Amino acid sequence: MSRVGKKILNIPSGVQFSEAKGLIKVKGPKGEMSFSLPEGIHCQQDGATVTFHRDNDDKKVRSLHGMSRAAVANMVEGVSNGFTRNMAVVGVGFKVEVKSKRLIMSVGYSHPVMIIPPDGIEFNATSPTQFSVKGHDKQLVGEIAAKIRSVRPPEPYKGKGVQYEGEYIRRKAGKAAGK
């Protein structure tokens, strides 16, 4: 039995949870999300708790059991608290700013790079080198953060580039190390 799949999911107050014919809808103060349960997975709501069950022990159904519960738990967490990914730009002259909800990055190119957020995503610049990506969809927050990081990934010699907060950048020795 899946350890994640059999965990009980608690629904906090202020969050509306509904399930009809395999479609789960979660609505809270941060937004609204829906998830279609895969074939063979069922959920059962009992007051403020939800449990997930599977029909059989086929390999495919077993692998989807924990994934389904985790996806719904992330939806509940997202509509109640939201998700944040903190990031930083490292390098001389590198900076970011938010203008009219758009993230404008100066990261060593001849032109500034502008990132337009999709619906449900918000950028917040706390300083010229620190910013965050916020939203209620965990997958979308991570995807946008990865897209921003790919504009200028950190390089291994000086560590310059866009990186996640707390990310370890493996450094290499330069040419002088061989002497």
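Ser68 lies in helix α1, where helices (H or I, at least four residues) and strands (E, at least two) are DSSP runs numbered from the N terminus. The model is predicted, so that local features need pLDDT of at least 70 and side-chain atom pairs count only at pLDDT 80 or more, while totals for chains, interfaces and linings use all residues. Residues are numbered from 1 along each chain as its sequence is written, and side-chain values use heavy atoms, with hydrogens and water left out.

Ser68 has a relative accessible area of 0% and is therefore buried; buried means under 20% relative accessible area, exposed over 50%, and partly exposed in between (1.4 Å probe, protein chains only). The side chain of Ser68 reaches the backbone oxygen of Leu64 at 2.7 Å. Such a polar contact is a pair of N or O atoms within 3.5 Å; within protein, one must be able to donate a hydrogen and the other to accept it, and residues adjacent in sequence count only if both atoms are side-chain atoms. Leaving aside residues up to four places away in sequence, Ser68 touches Phe35, Leu37, Pro38, Ile41 and Phe52, contact being defined as heavy atoms within 4.5 Å.

Helix α1 spans residues 59-80, and its 22 residues reach 33 Å from the first C-alpha to the last, close to the expected 32 Å at 1.5 Å a residue. The expected span is 1.5 Å times one less than the number of residues.

Strand β12 (residues 130-135) runs antiparallel to β7 (residues 83-90), to which six bridges join it; two strands pair if DSSP finds at least two bridges between them. Within this pairing, Asn86 has Ser132 of β12 as its bridge partner. Strand β12 also pairs with β11 (residues 121-125), in the antiparallel sense and over five bridges, with Phe123 opposite Val133. The hairpin that joins β11 to β12 passes through four residues.

The largest nonpolar core comprises 22 residues, and Met105, Phe131, Val133 and Ile148 have the most contacts inside it. At least two residues of this core come from each of β7, β9 (102-106), β10 (113-115), β11, β12, α2 (138-149) and β13 (161-164). Helix α2 gives the most, with five residues. A nonpolar core is a set of buried Ala, Val, Leu, Ile, Met, Phe, Trp, Tyr and Cys residues joined through side-chain atoms within 4.5 Å. With residues up to four places away in sequence not counted, Val133 touches Phe83, Thr84, Arg85, Met87, Ile121, Glu122, Phe123, Val141, Ile144 and Ile148. A second, separate core has 21 residues, including Val26, Phe35, Val50 and Met75.

An open sheet of three strands has the order β8-β9-β10, with antiparallel pairing. Strands β8 (95-99) and β10 are at the edges with a single partner strand each, so one side of each has no neighbour in the sheet. From one strand to the next the twist averages 25°; axes are lines fitted to C-alpha atoms, for helices over the stretch in contact, and angles run from 0 to 180 degrees between N-to-C directions. Five bridges connect the antiparallel strands β8 and β9, and Val98 stands opposite Leu103 in β9.

The loop between β8 and β9 contains Ser100 and Lys101. Ser100, although not a glycine, has a positive phi of about 45°, and Ser100 is exposed at a relative accessible area of 63%. Lys101, also a residue other than glycine, has a positive phi near 70° and is exposed at 67% relative accessibility.
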